[in-house]
Amino acid sequence: MSLSDLPILYSFRRCPYAMRARLAIAASGVSCQLREVVLRDKPDALRLASPKATVPVLVLSDGRVIDESLDIMRWALAIHDPCHYLQPGQGQHEQMEALIAANDGPFKKHLDCYKYPDRHTDDEQFTEATRFSALHRAQASEILMGLNARIEQEGYLVGKTPCLADLAIAPFVRQFAQVDRAWFDAQPWAALSSWLVNFQSSTLFASIMGKYPAWTPDSEMVLFPAG
């Protein structure tokens, strides 16, 4: 396969959905062309590939488009999964999927309301953005305490080794922590904090966080993973 035939990944460095797609691609070792997107000025090529124009979007060499981050993760790891992220311990697959669903549903909702309260305070009960934010921080924290208990018991979210759930959820916990890092670090979830620190200091995470200029049709090709 020539370089020009490699899959094209539209991404945005700080987006947690795009992060987890890049994590799985990097873990798999599958090569692609990375196109960094500026969300306020999305390229026409992205919109043509996926009308919803949200990152990540993966365009395969045969023209097929995968525009859901979990589907991109599973696509990459189905090709090559040297760390066995798709294979948690026996009887744990349903737990893994349930944790991801809770992250992408309730936790993501609370995270958005906590981080961006001014965008979500249309409820008449919450005229003060600060109070609204604090409520959703508390509700998100209940979910995080559940993750903390799992990590305390096993070391990772599902068992003694990282799996798809760890890769899929860590970018969102990272985003939550960054809203108020001092507050996050003061909470009684030492296992979760250590898990997050280990994730952020990992070689895998470092490999996906390179900074690239916004892609244009005239840009040079950027290979991902780099090197």
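Analyst: Searching the whole structure gives one cavity of 30 Å³ or more. On a 1 Å grid over the protein atoms alone, a cavity is a set of points where a 1.4 Å probe fits but cannot get out. Grid points are joined across faces, edges and corners, and the volume is the space filled by probe spheres set on the points. The largest cavity has a volume of about 30 Å³. Its lining, meaning residues with an atom within 4 Å of a point, consists of S11, R13, R22, L34, E36, I208, G210, Y212 and F224. Sorted by class, this lining has four nonpolar, two polar and three charged residues. Here Ala, Val, Leu, Ile, Met, Phe, Trp, Tyr, Cys and Pro count as nonpolar, Asp, Glu, Lys and Arg as charged, and the others, Gly among them, as polar.

A word on the source: this is a predicted model, in which local features need pLDDT of at least 70, side-chain atom pairs count only at pLDDT 80 or more, and totals for chains, interfaces and linings use all residues. Residues are numbered from 1 along each chain as its sequence is written, and side-chain values use heavy atoms, with hydrogens and water left out.

Next come the aromatic rings. The structure holds nine aromatic pairs; rings of Phe, Tyr and Trp (its six-membered ring) pair if their centres lie within 6.5 Å, and planes under 30 degrees apart count as stacked, over 60 as edge-to-face and the rest as tilted. One of them joins Y10 and W215, which is edge-to-face because the centres are 6.2 Å apart and the planes stand at 85°. This pair links distant parts of the chain, 205 residues apart: Y10 is in strand β1 (residues 8-11), and W215 is in the loop between α9 (203-208) and β5 (223-224). Helices (H or I, at least four residues) and strands (E, at least two) are DSSP runs, numbered from the N terminus. Both Y10 and W215 are buried, that is, under 20% relative accessible area, where over 50% is exposed and in between is partly exposed (1.4 Å probe, protein chains only).

F176 and W183 are also edge-to-face, because their ring centres are 6.1 Å apart and their planes lie at 65°. F176 is buried, with a relative accessible area of 1%. F176 and W183 belong to one aromatic cluster with F107, Y114, F184 and W189. R137 lies over the face of W183, at 4.0 Å from the ring centre; for this, NZ of Lys or CZ of Arg must be within 6 Å of the ring centre and within 35 degrees of the ring normal.

Conventions. On a 1 Å grid over the protein atoms alone, a cavity is a set of points where a 1.4 Å probe fits but cannot get out, and a pocket is an open set with protein on both sides within 12 Å along at least five of seven lines; lining residues have an atom within 4 Å of a point.
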